[in-house]
Amino acid sequence: MPMNKIGPAIQAGNTIILKPSPFTPYTLPKICEIAQQLFPPGVIQCLGSSVDEVHNLGSLMTQHPGIGKISLTGSVSTGKKVMAACAGTLKRVTLELGGNDACIVCPDVKNIEHVAGEIVLSAFLNTGQVCVATKRVYIHEDVYGVVRDAIVKKVGEMKVGDGAAEDGVMVGPVQNRMQFEKVKGLVDEVKELGYDVLTGGENHGLEGVDDGRKKGGYFLPLMVVDDPPRESRLVREEQFVSVPSLLSRIIKCLTMEQGPILPLLRWSSESEVIHWANDTPTGLSASVWSSDIARARRIAAQLDVGSVYINSTQKPSFQGLFGGHKESGIGVEFGQAGLLQYCNAKSTYICF
């Protein structure tokens, strides 16, 4: 994610301060270390972060008068705090925030096994820790049973474990204790309320999670929940939290994570599924699966999200624009418009 911002920011002639999350690996500081060998001094800098709220560099950077813009990829709650902090100096902001991304499967869908595989991959890739991961699946009642069974079969084929120690692993642990506790709370609620869990739910690797090391990480089972209530937390809320990191004069970047739990829901009419898909304060992305492209485009046009993918999982492209509607963000990334986010417009009038 930081590279999506570093490239256009540098291309537009800006200097940058990176502030990675205390939870992330050494990747971003290493990128900065390499970049400093190529760019003039001061063009790219990196500041270490802290979980100490008293010495929160992120807050200091959003309020600093010498910083001209903050670009954030993170949660809605953090985005609101960043925007409020930036208001003191009227900083320019680009906010790419969270979303409760819906997947809509139409009754005329073809090659159900392929579609199920794509949906499962979109939901659980990187343990679901992707901002545009599929988080709820609406399946037409005419094909609900067969699509549901195909999804459950695909989930059952995905191996959870330590990819560094085992072969064939597709899903690893969630990234940190805070995220683990959030998703585990949803898992516990699903069990307490008696929702129908189609796969997963066993205590896979949960022993020793107090320190997150005895089993090599915060492992959770992959869970598919059959038609939970539309008003349930599992359907209404994003299954992720944010972990702060910052990229500034220019850029702020947060990592976001979803949990490995996926609700499947029935629909019967286009009007109702469009209503349910839009019935959320966020609008990042969505996908529509149908053999009737005209129908898919009709549904896509009515979804209040920044990106819709027809017969594809969420795969943002640098040739397009990437951003969110409603509380999913301010501004866009990628494309010419994304580059212009790092520029200030200026008119020069000359009289002779």
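Which side chain meets that of Glu 333 in a salt bridge? Select Glu 333 together with Lys 5, and you will find their side chains joined in a salt bridge at 2.4 Å, N to O, where a salt bridge means a side-chain nitrogen of Lys or Arg within 4 Å of a carboxyl oxygen of Asp or Glu.

Before going further, note that this is a predicted model, in which local features need pLDDT of at least 70 and side-chain atom pairs count only at pLDDT 80 or more, while totals for chains, interfaces and linings use all residues. Residues are numbered from 1 along each chain as its sequence is written, and side-chain values use heavy atoms, with hydrogens and water left out.

Stay with the pair: Glu 333 lies in the loop between strand E19 (329-330) and helix H11 (335-340), whereas Lys 5 belongs to helix H1 (residues 2-11), 328 residues apart. Helices (H or I, at least four residues) and strands (E, at least two) are DSSP runs, numbered from the N terminus. Both Glu 333 and Lys 5 are buried, that is, under 20% relative accessible area, with exposed meaning over 50% and partly exposed in between (1.4 Å probe, protein chains only).

Next, select Asp 149 and Arg 148, which form a salt bridge with the closest N and O atoms 3.2 Å apart. Arg 148 counts as buried because its relative accessibility is 18%, whereas Asp 149, at 45%, is partly exposed.

Move on to Asp 227 and Arg 230, whose side chains meet in a salt bridge at 3.2 Å, N to O; Asp 227 is partly exposed at 28% relative accessible area, and Arg 230 is partly exposed at 22%.

Finally, select Asp 108, Glu 270, Arg 295 and Arg 298, which are linked in a network of salt bridges.
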